[in-house]
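Have the sequence and the model open.

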Amino acid sequence: MNLRILRKAWRSRNGDQPSSAFSHNIIRLFSQLSSQSTPDAFGIAFDIDGVVLRSEAPIGGSPRAFRRLYDDSGNLRIPYVFLTNGGGISESKRALELSSLLGVKISPLQVLQGHTPFKQLVNRFENELIVAVGKGEPAAVMAEYGFKNVLSIDDYASCFDNIDPLAPYKKWITKQVADQSRAVAAKDLVLSQRVQAAFVVSDSVDWSRDIQVLCDILRTGGLPGRGIGHQPQLYFAHDDLAYQAAFPSERFGMGAFRIALESIFNRIHPHALEYTTFGKPNPFVFKNAELILKQLVLSLQDKVQVLNPANAGGHNFKTLYMIGDNPAVDINGARQAGHPWFSILTRTGVFKGKENHAEFPADLVVDTVEEAVDFVLRKECSS
Ligand SMILES: [Mg+2]
């Protein structure tokens with residue numbers, strides 16, 4: 001970092017001339033940072049599943065690796081984010097979970113999940129009826145983003161008698177809406193309003209019911225049981241075919257669910273399914289991560305402030321490291337994003353090969369996330 005960059009960032013926030021207090025802070029900060037190294041010249045994005053955690057268990061020495069990104073007082077010293085396609089809970093809850101599992105202080109700003117970009121669709125669907133699909137709390141996630149008229153597919157399906165003929169054979173219990181007056185109001189709403197969009201927030205728990213109900217919504221223009229209508233919008237948080245969970249071999253992910261839904265929809269509807277997928281390897285996700293890392297750099301400079309992304313434009317990274325386990329997703333994404341991304345592939349998840357991946361070779365292959373962090377810190381902080 002240099003003083004010029006700091007001044008430039010400050011001007012974009014505050015006008016032309018720094019105040020004396022600001023100048024003092026700048027000089028203090030500059031002297032602190034120049035006495036260390038150049039921690040803002042680089043940043044790190046960590047995938048979670050198969051890199052940092054397997055299911056809910058830390059792997060690859062991740063707690064030790066993350067502690068190295070903080071100073072002795074537990075303050076963040078290296079800008080990093082989690083860049084995961086997973087989700088199903090809000091960024092604030094995920095930050096708390098990760099903090100507890102890894103033993104470090106993680107801010108919600110550092111958690112970028114597959115569904116995080118759905119925030120950008122609030123203006124379009126703020127008051128429209130939308131349905132949220134997936135494990136965890138998909139409707140609560142969307143409500144926290146600002147969508148005011150969202151139902152989980154569980155609550156939505158429960159408004160229609162016999163919409164899932166297999167329900168009586170399913171052993172698990174679907175959560176009932178606790179407040180009965182709310183349930184009646186929801187039912188009236190659902191039976192009178194068309195769904196304008198469906199969001200697959202996280203992995204579907206009940207593929208057969210969800211594919212059935214989504215096809216009902218999508219082929220009828222948003223009102224199950226009616227004639228064929230114009231397809232409402234459909235969004236997926238990501239398109240991962242498989243992911244590494246606790247079982248030794250990979251499990252089907254949202255991309256597999258999308259293929260199943262699309263195949264069936266295209267057999268029953270005259271027009272092919274239209275949809276949008278977010279998540280890695282979409283280069284947009286990496287651009288967004290870069291923007292958030294820029295904000296982090298600025299908030300490291302002034303810990304009390306979380307800054308507007310628009311104000312972070314004055315800072316440029318020399319290198320951004322993507323540490324992931326999935327060549328097609330993490331490495332492919334970093335490669336597509338180009339400069340300043342540098343990809344590091346670990347062997348703790350989807351990828352288990354001895355050499356580099358043939359189709360999507362990483363810039364570096366290591367065994368664990370701890371090795372990856374060691375490489376980055378040696379390269380960036382030892383000179
Ligand atoms: Mg992964």
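**Reading the sheet and its helices**

Q: Which residue in E4 is the bridge partner of Phe46?

A: Phe82 is the partner in E4. Strands (E, at least two residues) and helices (H or I, at least four) are DSSP runs, numbered from the N terminus. Two strands pair if DSSP finds at least two bridges between them. E1 and E4 (residues 80–83) have three bridges, in the parallel sense.

Q: What should I know about the model and its numbering?

A: This is a predicted model: local features need pLDDT of at least 70, side-chain atom pairs count only at pLDDT 80 or more, and totals for chains, interfaces and linings use all residues. Residues are numbered from 1 along each chain as its sequence is written.

Q: Which strand does Ile44 bridge to?

A: Ile44 has its bridge partner, Tyr321, in E13. Five bridges join E1 (residues 42–46) to E13 (residues 319–324), and the two strands run parallel.

Q: What is the strand order in the open sheet?

A: The six strands run E5-E4-E1-E13-E14-E15, with parallel pairing. E5 (111–112) and E15 (364–366) are the edges; each has a single partner strand, so one side of each lacks a neighbour in the sheet.

Q: Are the faces of E1 covered or open?

A: In a regular strand the side chains alternate between the two faces of the sheet. A residue is buried if 20 or more other C-beta atoms lie within 10 Å of its own, with C-beta atoms placed from the backbone. Both faces of E1 are covered: Phe42, Ile44 and Phe46 are buried on one side, Gly43 and Ala45 on the other.

Q: Where does H12 lie?

A: H12 (residues 327–337) lies across E13 and E14 (341–346), at about 165 degrees to E14. Angles run from 0 to 180 degrees between N-to-C directions, with axes fitted to C-alpha atoms, for helices over the stretch in contact. The buried residues of H12 include Val329, Ile331 and Ala334. The buried residues of H12 pack against H11 (283–301), E13 and E14. Just after H12, Gly338 has a positive phi of about 75 degrees.

Q: How do H9 and H10 pack?

A: H9 (residues 207–219) and H10 (residues 254–268) pack at about 45 degrees, axes 10 Å apart. They are therefore oblique, a class left over once angles under 35 degrees (roughly parallel), over 145 (roughly antiparallel) and 65 to 115 (roughly perpendicular) are taken out.

How values were computed
Two residues are in contact if their C-beta atoms, placed from the backbone, lie within 7 Å. A residue is buried if 20 or more other C-beta atoms lie within 10 Å of its own, exposed if 12 or fewer, and partly exposed in between; C-beta atoms are placed from the backbone.
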